Amino acid sequence: MRQRLALFSLTDTAGSVDFAKGLQDLGYGILATDGTKAHLSAGDLEGVMNVSDFTGEPARFGGRLKTLHHKIYAGLLAKPIDADREVLKLLEWPEIDLAVVNLYDFRAAAKKPGAKFEEVIEKIDIGGPTMLRAAAKNWQDVAVVWDPSDYSAIIEELKQKKGQISEETCFRLAKKVF
């Protein structure tokens, strides 16, 4: 049986350490972007894989380009059909079961007194919305979580359903994204 994989890319890290620990306790591997990995590691979470190590590509352009990679989107978008699974197997790329993503707070940056345009423009998130939409599009196969208030209910459901998240919950989470 394959290990389940959760992808974390967070600006709002509230509750994320406990959530990630709960997922690890349930057998999930954790994959995270640089800042999120640093936050999780500071919370004594071990074994978190960095997105750059996962993709084999470093973050580029001052961090603007890190999650826009075929390996991530294949893991989020592949359907559980033979053709898709064969491609993943051939490429040796895993499925991503859970996307835990929230966005840069553009509004707060724009409203900050004295904010410079160059600083505000960097708060336009590209990879985050793309990951959220890819995971939500594939809601029947990927649970997508952007709201930290959902963390405890997801852990409880995973415990009750032997590591599974119901289709009903996945659909509810996807609707929240859209």
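Colleague: In which sense do β1 and β2 pair, and over how many bridges?

Modeller: This is a predicted model, in which local features need pLDDT of at least 70, side-chain atom pairs count only at pLDDT 80 or more, and totals for chains, interfaces and linings use all residues. Residues are numbered from 1 along each chain as its sequence is written, and side-chain values use heavy atoms, with hydrogens and water left out. Helices (H or I, at least four residues) and strands (E, at least two) are DSSP runs numbered from the N terminus, and two strands pair if DSSP finds at least two bridges between them. For β1 and β2 the sense is parallel, and the number of bridges is four.

Colleague: Which residue in β2 is the bridge partner of F8, and which in β4 is that of L7?

Modeller: Strand β1 (residues 5-9) also pairs with strand β4 (residues 98-101), in the parallel sense and over four bridges. In β2, F8 has the bridge partner A32. In β4, the partner of L7 is A99.

Colleague: What is the order of the strands in the open sheet, and which are the edge strands?

Modeller: Strands of a sheet pair through backbone hydrogen bonds, either parallel or antiparallel. Here five strands form an open sheet with parallel pairing, in the order β3-β2-β1-β4-β5. Pairing on one side only marks the edge strands, β3 (49-50) and β5.

Colleague: Which residues of strand β2 point the opposite way to G29 and L31?

Modeller: In a regular strand the side chains alternate between the two faces of the sheet. All four residues named for β2 (residues 29-32) are buried, that is, under 20% relative accessible area, where exposed is over 50% and partly exposed is in between (1.4 Å probe, protein chains only). G29 and L31 point one way, and pointing the other way are I30 and A32.

Colleague: Is T36 buried or exposed?

Modeller: T36 is found in helix α2. Leaving out residues up to four places away in sequence, T36 touches F8, S9 and L10, where contact means heavy atoms within 4.5 Å. Because its relative accessibility is 0%, T36 counts as buried.

Colleague: How does K37 count, given its relative accessibility?

Modeller: K37 also has its place in helix α2 (residues 34-42). Its contacts, leaving aside neighbours within four places in sequence, are A32, V48, M49 and N50. Because its relative accessibility is 23%, K37 counts as partly exposed.

Colleague: Why are the buried residues of α10 on the same side of that helix?

Modeller: In helix α10 (residues 167-177), the buried residues are T169, C170, L173, A174 and V177. They lie on the same side of α10 because they cover an arc of only 135 degrees around the axis, the arc being that of the directions from the helix axis to the C-beta atoms. The face turned away from this buried side carries the exposed residues E168 and K175.
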